[in-house]
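Trainee: Please take a close look at one part of this model, the sheet, and then go on to the nonpolar cores.

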Amino acid sequence: MDLSNILSITGKGGLFKLVSRTPNSFIVESLEDGHRFPAFSHDGVATLDNIAIFTEDGEVSLQSVFQSIFKLENGAKKEMPKDNNAMKAYFAEVLPEYDRDRVYVSNIKKVIAWYNILVDNKLVDLEEEKEEK
């Protein structure tokens with residue numbers, strides 16, 4: 001699973017695929033509807049491979065969290081838990097050592113929503129990321 005070209009943009013829902021770079025912006029495509037538009041660095045653009053979840057001992061990559069959900073759900077989408085307690089309990093199954101003080105319910109909702117978008121686009125798998133030499 002390669003998340004280096006999948007982007008989150010602050011203030012915009014969903015996930016985006018990096019299509020091209022220009023000197024002042026990125027051209028991105030929505031993974032939900034295919035709409036293309038420019039995104040600028042001041043828009044708060046982050047690649048998913050640079051995002052991690054806080055744990056009691058440090059951090060775990062978002063890729064590892066997605067793979068854990070993928071295993072738990074047998075490759076299927078995850079229905080959003082109904083309330084905050086159910087959401088926290090589910091995330092404790094996914095990542096038992098997550099830091100309950102620094103990972104908020106809004107973060108958990110975002111991770112589940114992103115996971116579902118990635119599953120819809122067949123971008124989640126159990127293949128480990130290969131280190132470049």
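**The sheet and the cores**

Mentor: Ser20 has Ile27, a residue of S3, as its bridge partner. This is a predicted model, in which local features need pLDDT of at least 70 and side-chain atom pairs count only at pLDDT 80 or more, while totals for chains, interfaces and linings use all residues. Residues are numbered from 1 along each chain as its sequence is written, and side-chain values use heavy atoms, with hydrogens and water left out.

Strand S2 (residues 16–21) and strand S3 (residues 25–30) run antiparallel and are joined by 5 bridges. Strands here are DSSP runs of E, at least two residues, and helices are runs of H or I, at least four, both numbered from the N terminus; two strands pair if DSSP finds at least two bridges between them. The open sheet has 5 strands in the order S4-S3-S2-S1-S5, with antiparallel pairing. Strand S4 (36–40) and strand S5 (45–47) are the edge strands, each pairing on one side only.

The largest nonpolar core has 30 residues. Such a core is a set of buried Ala, Val, Leu, Ile, Met, Phe, Trp, Tyr and Cys residues joined through side-chain atoms within 4.5 Å, where buried means under 20% relative accessible area (1.4 Å probe, protein chains only). Leu48, Val65, Phe66, Phe91 and Leu118 have the most contacts inside this core. Helix H1 (62–72), helix H2 (84–94) and helix H3 (105–120) each supply at least two of its residues, and the largest share, 9 residues, comes from H3. A second, separate core of 7 residues includes Phe16, Leu18, Phe37 and Ala39.

Notes: Buried < 20%, exposed > 50% of the residue type's maximum accessible area, 1.4 Å probe, protein only.
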